[in-house]
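Biologist: I'm new to this one. Could you walk me through how to read it?

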Amino acid sequence: MAKNLLIVESPAKAKTIEGYLGKDFTVKSSYGHIRDLVKSEDAIDIPNNFAQRYEVPADKKQIVSELKKLAKEAEMVWLASDEDREGEAISWHLFETLGLKEDKTKRIVFHEITKPAIIKAIENPRKIDYNLVNAQQARRVLDRLVGFELSPVLWKKVKPSLSAGRVQSVAVRLIVEREREINKFKAEAAFRIVAIFGKGRESFKAELPERFAEQEQAEKFLNDCIDAAFNVKSLDTRPTKRSPAAPFTTSTLQQEASRKLGFSVSRTMSVAQKLYESGKITYMRTDSVNLSETALTAAQQEITSAYGDKYHQFRKYKTKSASAQEAHEAIRPTYFNVHTVDGDNAEKRLYELIWKRAIASQMSEAQFEKTTAKIEISTRKEDLVANGEVMKFDGFLKVYLESSDEDEDNTSDENNAILPPLNKGQLLALQEMTATERYSRPPARYTEASLVKKLEELGIGRPSTYAPTISTVQNRGYVVKEEREGKTRNYRVLTLKDKAVKQEQKTENTGAEKNKLFPTDIGAVVNDFLVQHFKGIVDFHFTANVEKQFDEIAQGLTNWTNMIRTFYTPFHEGVQNTIETADKARGERDLGIHPETGKKMSVRIGRYGPFVQIGDSDNEEEKPLYASLRTGQMIETITQEEALELFKLPKKAGEFEDKDMTVAIGKFGPYIRHNSSFYSLPKGLDPMTVTEEQAIEIIKEKRIKDAEKLIKTFDEDPEMKLLNGRWGPYIGYGKLNIKIPKGKEPLQLTFEECKALADAMEKDTKKPAGKKAAAAKPAAKKPATKTAVKKPAAKTTAKKK
DNA sequence: CAGTGAGCGAGCTTCCGCTTGACTT
């Protein structure tokens, strides 16, 4: 047996380090935290100085017992978890749980996985830093208290199963408030003047810095220019430069992969995980922009050999984020001389992005010559301005250009245009001048990645939680990621050409969104409730404030239980007060009087989501009418006209010749119902006017599609089918979808075999007999397997309902 | 997924942060 046991957090890290240390060391991984607070109410003994009850979750039992065994046999145990709050706590939990002895345990830390760094760490061991551990406990306890006291308030006052927390509730608030800013926004139009001078390759654009609010002003300007003379009034040339961006952190990687590759944040993380596990990149959950000495040298070698000396420049980046804990390096390729990797397309592209960004971060700046020409108009006092940029040295731009969220904004694209050679006083020939009506833009909706950016700026969340947080707010139904169609709007363009001004009307599409985050009604109602009753918790600076106090605890300046008590006492009072006094929040909004019947119209959240009601619930004689809101509609913005539309039924039974066919509109759009089958109406077909022929066509097409999927049917039972799915063949039986067991040839399967599989599955879902069934149905991605394993029966009944 | 929204009430839900698989129709 090895004399030394060294424990790190990640198995991939363990493998690498084992290679550095030789046979005297066994290197193992704890797979993150090995203990957590128990799930029940009594996890924290509040009167007893917030004493915690911890347990080893079911999925960690095995690893803990293995580590225990190895620790017993070892002469020395080296706790090498990350050097940050959580890492220190992991070491402490290991110390406690494995029953380690003070004199046989050493705590070591390193910030990069390089041989010299590991050796140095082993030469400089220390003891567990209990101040840091206390800071982590304060963080853990605060999050539990907030989450587990706030959520039940929502169950009582809004809806069961909802959740609130220090991080997720602020994420939702950001999205809700942004949506309201957009709703409130009034676009203002103004005319932008652009002139084109010269011909062919010599032509260039110039713009008037001012804009005109009224068409008359723009028109007058163009008219004034008909017979005007244009000459170069001044020329200003000066050098400018651009520097490369720092190498990736988790958050910047997520942003850039979203902009350049169109990846969701969770996709980025899972692809990066694969690259990390196969040793291609360094650790992908980091807030550090630092590169190891080894990496700096390797990057230098790569850059000088590929591009030459003058392209290289040593750079050290400093983190801008106050909340950064910098336990790791920045994300970089493990080996800079590896330009491309094997693997699927996503891995290749993400690796390339990481490689370029890291290499560019050690390259020299790009140099430009920026020219600004002012052009005088003989008939007006304003000057036109033309900007040109010439690259003198490409520097880091040879490999990488960071994109920005405003890339789609092309209103200032003249900035990097090239100007022809110009002289002061030179007369210019006007080719064309336009005055285009341009609208101001509302604030941009968040994408997953821009929300991560914002959260990081506010110091909320950690690299390991950005992706899960984004999923949580969507899984809870507070936020949806959607594509929405825009509206067309008209804009006017005046054109001066050949000594005449012409006007035309053009149309543009505006407000179309793809993969943007929208709040739902429930998200808005929960947010408003929290803002009203728990302003302090959902305050954007709450996390930053408590982080300051955690830092004081970590430095030994503050006692953690005092800090938590100071926070908890008023917070808990607020919780109780809210439970007693607050009204139920249903987001109700008045929609006025129904024009035909004079009854009250209102809209609010119900059991099945937001709906419109006409008439009074208390009225015994006449039941009120109800209609669900549709995708894209919200309580706070729906108008009475839109609400009335919801009650119009397109085609009722009997309106078609085929008596079994009706058209209706569900929450997810218009659909045809034929007997008991549903067929959604393709976009562009109006459900109010759809003809029977069109409906029959849609049904036919759907049937053809279904038939294409069909491989085989069985005479014994028409419900049993062999189908072709996205990942190969599977068995369909009624509503059940059954995977084909490994090693079986799909076409050889007999009906009996299929039936047996189906029966087994049905039994499984009714009475999950253990791990398999429970693990097979995590509704959300995250809910710990612990719950599922512990209470499988409860979970199933809840779902059946 | 797909036309419902009463009221009763047992037993359930829920946090953030550290990790990786098993899984997907």
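Biologist: At which residues does UniProt place the feature "domain: Toprim"?

Modeller: First, a note on reading: this is a predicted model, where local features need pLDDT of at least 70, side-chain atom pairs count only at pLDDT 80 or more, and totals for chains, interfaces and linings use all residues. Residues are numbered from 1 along each chain as its sequence is written, chains are lettered from A and ligands numbered from 1 in the order in which they are written, and side-chain values use heavy atoms, leaving out hydrogens and water. UniProt positions follow the numbering used here, with shortened feature names, and annotations may be inferred rather than shown by experiment. The unreviewed UniProt entry puts the domain at residues 3-113.

Biologist: Which side chains have an N or O atom 3.2 Å from a phosphate oxygen of DNA strand B?

Modeller: A polar contact is a pair of N or O atoms within 3.5 Å. The side chain of Q273 reaches a phosphate oxygen at 3.2 Å, and the side chain of R476 has a 3.2 Å contact with a phosphate oxygen too. A polar backbone atom of G609 is 3.3 Å from a base nitrogen.

Biologist: Which element gives the most to the surface near DNA strand B?

Modeller: Helices (H or I, at least four residues) and strands (E, at least two) are DSSP runs, numbered from the N terminus. α5 gives the most, with 9 residues.

How values were computed: Polar contact = N/O pair within 3.5 Å; in protein donor to acceptor, adjacent residues only side chain to side chain.
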